[in-house]
Structure formats: C-alpha cells, structure tokens
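Here is a quick briefing to read alongside the model. Have the viewer open and click through the residues as they come up.

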Amino acid sequence: MQEELQQLRTQFERELAQIASLQELEQFRQRHLVRRGTLGQLRERFRQLPAEQKPIVGRLLHELEQFVQQRYQALQRSLQERAEEQLRFDLWLPGRRSFLGGRHPIQQVLDEIVAIFTRLGFQVAEGPDIEDDEHNFTALNFPPEHPARDMQDTFFLTPDRQWLLRTHTSPVQIRLMRALRPPIRAIVPGRVYRNEEITPRSLAEFHQVEGLVVDRSVSFTELKGVLVAFAQAFYGPGTEYRFRPSFFPFTEPSAEMDIRCFLCQGTGCRVCKGNGWLEICGCGMVHPAVLRNGGIDPEEFLGYAFGMGIERIALLRLGLDDIRLLYQNDLRILRQCR
Ligand code: DAH
C-alpha cells in the first residue's frame with residue numbers, strides 16, 4: 001500500500017497539471033475526492049489494515065490527502081480568478097453604442113428658415129421675451145378691448161398688466177423701426193408665450209419667426225414673391241400655394257398663406273383636416289398707424305410683414321401629430337431628427 005500511495009501522488013500530480021478549466025477540476029473532484037472516490041476507498045482499506053502497519057501508512061495517507069487538498073484548492077482559486085478575468089475582458093462582447101447629440105427639430109427648422117431668408121437679403125434680429133403692453137399691443141394697433149389683452153390669452157407679469165410675456169414676435173417690429181432707419185429687411189426668430197391649455201395641438205410656450213421689410217417702394221406683390229420663394233425653398237420647388245384674405249390689427253391688407261398638404265397632395269387627410277391645404281403664415285402690408293408708432297412716416301415709406309409658427313412645421317416634418325412630443329426629450333423622437 002505504501003508503494004501504491006507513492007504512485008497515486010505522481011498520478012494526481014500529472015492529472016492536476018493537465019486541468020485547464022473549472023469543469024475539468026470538478027471531474028477530478030468527483031473521481032478522487034468524494035466519499036466513494038479514490039481517497040475515500042483508500043481510507044476504507046486503511047481501516048482494515050493490521051494494527052502494526054497503521055502508523056506508517058496512516059502518515060503517508062494523511063500526507064497524500066493534504067497534498068491533494070492543497071493543490072486542489074490552489075488550482076480552484078486560480079481557475080476562478082481566470083474565469084472572472086475573462087468576464088471582465090470579454091473581447092467578444094458587442095460594443096456599447098454611443099450616440100452623437102444633434103440639434104433639436106425646432107432648432108433645425110429655425111436654422112433652415114433663417115438660412116433661406118438670409119439668402120433673400122434679410123438680417124436676423126432678436127427682441128426680449130418680457131415685453132410691455134406698448135410693444136406687444138398698443139403700438140401694434142391692438143384696440144383696448146382686443147381679446148389678446150385678456151387674462152385668458154396672455155401671461156401678465158404685473159397686476160397693472162403693463163408687463164407681460166410676449167404673445168408673438170411682432171413687438172420686435174416696433175423695436176426694429178424705432179432703432180433702425182429704412183431700408184429695413186429683417187427676420188426675427190424667437191420664443192412666444194400664451195396662456196393656453198397644453199394639448200396635442202397647443203402649448204403655452206412656442207416659437208415664431210417674424211419678418212419685416214420697410215422701404216420706399218415695397219408692395220404686396222413683393223411680399224407674395226418673398227413668401228413664395230421661401231415656400232419653394234423650404235417645402236420644395238413646385239409647391240402649390242394660395243393666399244387668403246385675413247385680418248390682423250397691425251397689417252392692412254392682411255392675408256394668410258396656405259400650401260398644398262404635402263401628405264395627401266390635396267385629397268384631404270388627417271394632417272390638413274380634410275381640406276387639402278396647410279396654413280403656414282400670416283402676413284400683410286404694415287398698417288400706417290404701426291409705421292407711425294415705429295417713428296416712420298407712412299407717406300414716405302411702406303412696409304410688409306409676416307409671421308409663422310415653428311412647432312407646426314417641425315411636427316409636419318417629423319410626421320408627428322402631438323406637439324408635446326417635441327418637448328419630452330424622448331430619444332426615440334430626437335434620434336429621428338438627424
Ligand atoms: N403675430 C401674428 C400671430 O401671432 C402672426 C402675424 C400675422 C405676424 C401677420 C405678422 C403678420 O407679421 O403680418 O398670430
């Protein structure tokens with residue numbers, strides 16, 4: 001039995017040296033270290049040895065067991081470490097994708113509109129979000145009882161209703177006329193505020209682009225030409241359009257411009273609410289009273305102006321039908337935008 005123990009030691013050593021995985025190590029344990037395994041059987045035979053052989057064989061058996069246990073545990077530790085390491089540096093794992101940021105759809109539409117009007121010779125101007133009654137209403141020829149002056153529609157900042165959040169970008173017309181001498185040819189992108197319920201079709205805070213031209217000989221024809229050039233550049237050449245008479249206190253005559261619904265080409269759909277046309281902006285010749293309020297002599301100069309909402313254009317672009325989606329920062333929406 002002594003000799004057998006010697007041989008087993010070399011055999012274990014050889015087997016352990018060949019083990020390369022935790023799975024193989026487990027097979028080794030099942031073969032030799034469990035109760036019915038090689039060592040268990042040896043212990044059984046040891047018990048039946050004559051008493052005088054027990055001290056020597058006992059010591060050898062004990063040494064063999066210690067040896068195998070130690071090697072087994074050391075190997076287990078190093079194999080486990082290696083397995084963890086492989087998890088940490090798994091070169092076969094697919095990479096984590098990172099996404100580039102992009103411009104918000106509202107900003108994209110604004111940038112594009114600004115680029116088109118810049119090519120048409122317009123300069124870009126801005127005005128304050130906080131306005132007074134004078135710029136937002138009075139100088140723009142709003143009568144005192146106009147509904148926009150009601151609490152229902154406007155966010156007033158002071159109890160006397162002298163300060164407010166601008167309800168449109170038109171007050172910048174007054175600022176431009178008072179600050180510049182004609183010829184004036186400017187567009188004004190900006191944020192506007194209205195006391196509206198937040199619904200799929202309306203927000204309390206949104207964007208507009210205003211346009212203003214003041215010069216000696218401008219005409220309604222030129223206004224139409226500029227807006228048609230814009231529509232062809234923005235919505236594509238050959239875009240069908242129409243002008244409808246309308247009313248705004250600060251323009252006379254006033255009109256609204258529609259383009260053919262690009263979704264249904266005029267046959268009627270959800271986007272154009274069945275009538276085949278999409279309203280894209282309000283416009284008109286600047287009212288003589290407004291020119292005067294801007295410090296410009298209406299006998300000497302004429303002006304035209306236009307204003308358009310940006311959110312609606314962005315929605316149509318993205319094929320969305322709920323304006324609130326533009327402000328929820330949902331990456332599924334934002335990633336479609338570039
Ligand atoms: N300010 C108008 C609005 O908010 C839009 C508008 C209409 C602007 C006609 C204009 C214009 O400059 O001429 O509804």
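This is a predicted model: local features need pLDDT of at least 70, side-chain atom pairs count only at pLDDT 80 or more; totals for chains, interfaces and linings use all residues.

Helices here are DSSP runs of H or I with at least four residues, strands are DSSP runs of E with at least two, and both are numbered from the N terminus. Residues are numbered from 1 along each chain as its sequence is written, and side-chain values use heavy atoms, with hydrogens and water left out.

**Overall layout**

- The protein chain is assigned domain 1 (2-88) and domain 2 (105-337); such bounds come from an automatic or database domain assignment.
- Between the C-alpha centres of domain 1 and domain 2 there are 87 Å.
- For a residue-level view of distance, take Tyr-72 and Lys-273: they are 201 residues apart along the chain, and their C-alpha atoms are separated by 78 Å.

- Helix α2 (residues 22-32) has Leu-25, Phe-28 and His-32 buried, where buried means under 20% relative accessible area, exposed over 50%, and partly exposed in between (1.4 Å probe, protein chains only).
- Looking down the axis of α2, its buried residues fall within an arc of 55°, so they line one face of the helix; the arc is taken from the directions from the helix axis to the C-beta atoms.
- The cover over the buried residues of α2 includes α1 (2-18), α3 (38-47) and α4 (54-88).
- The axes of α1 and α4 come within 10 Å and cross at roughly 5°. Axes are lines fitted to C-alpha atoms, for helices over the stretch in contact, and angles run from 0 to 180 degrees between N-to-C directions.
- α1 and α4 are therefore roughly parallel to each other; angles under 35 degrees get that label, over 145 is roughly antiparallel, 65 to 115 roughly perpendicular, and the rest oblique.
- On the α1 side, residues making that contact include Leu-5, Leu-8, Phe-12 and Leu-16, and on the α4 side they include Leu-60, Leu-64, Phe-67 and Leu-75. Contact means heavy atoms within 4.5 Å.
- Tyr-72 sits in helix α4 and is buried, with a relative accessible area of 8%.
- Setting aside neighbours within four places in sequence, Tyr-72 touches Leu-25, Glu-26, Phe-28, Arg-29 and Leu-33.

**The sheet**

- Seven strands make an open sheet, ordered β1-β4-β5-β9-β8-β7-β6, with mixed pairing. Two strands pair if DSSP finds at least two bridges between them.
- At the edges are β1 (123-124) and β6 (241-248), each pairing on one side only.
- β1 and β4 pair in the parallel sense over two bridges, and Val-124 stands opposite Ile-187 in β4.
- Strand β4 (residues 184-193) and β5 run antiparallel, joined by ten bridges; Gly-190 has Gln-208 in β5 as its bridge partner.
- On to the next pairing: β5 and strand β9 (residues 302-309) are antiparallel over eight bridges, with Val-213 opposite Tyr-304 in β9.
- How many residues of strand β5 are buried? Nine of the eleven (residues 205-215) are, so β5 is largely enclosed by the rest of the structure.

**Helices on the sheet**

- Helix α7 (residues 171-179) lies across β4, β5, β8 (277-286) and β9, at about 35° to β5.
- Helix α10 (residues 310-318) also packs on the sheet, touching β5, β8 and β9, and its direction makes about 50° with that of β9.

**Backbone spots to check**

- The Pro-182 to Pro-183 peptide bond is cis, with omega near 5°; Pro-183 is in the loop between α7 and β4.
- A cis peptide bond also runs from Glu-252 to Pro-253, with omega near -5°, and Pro-253 is in strand β7 (residues 251-260).
- Asn-141 has a positive phi, near 75°, and is a residue other than glycine; Asn-141 is partly exposed, at 28% relative accessible area.
- Lys-273 has a phi near 55°, again positive in a residue other than glycine. Lys-273 is in the loop between β7 and β8 and counts as exposed at 63% relative accessibility.
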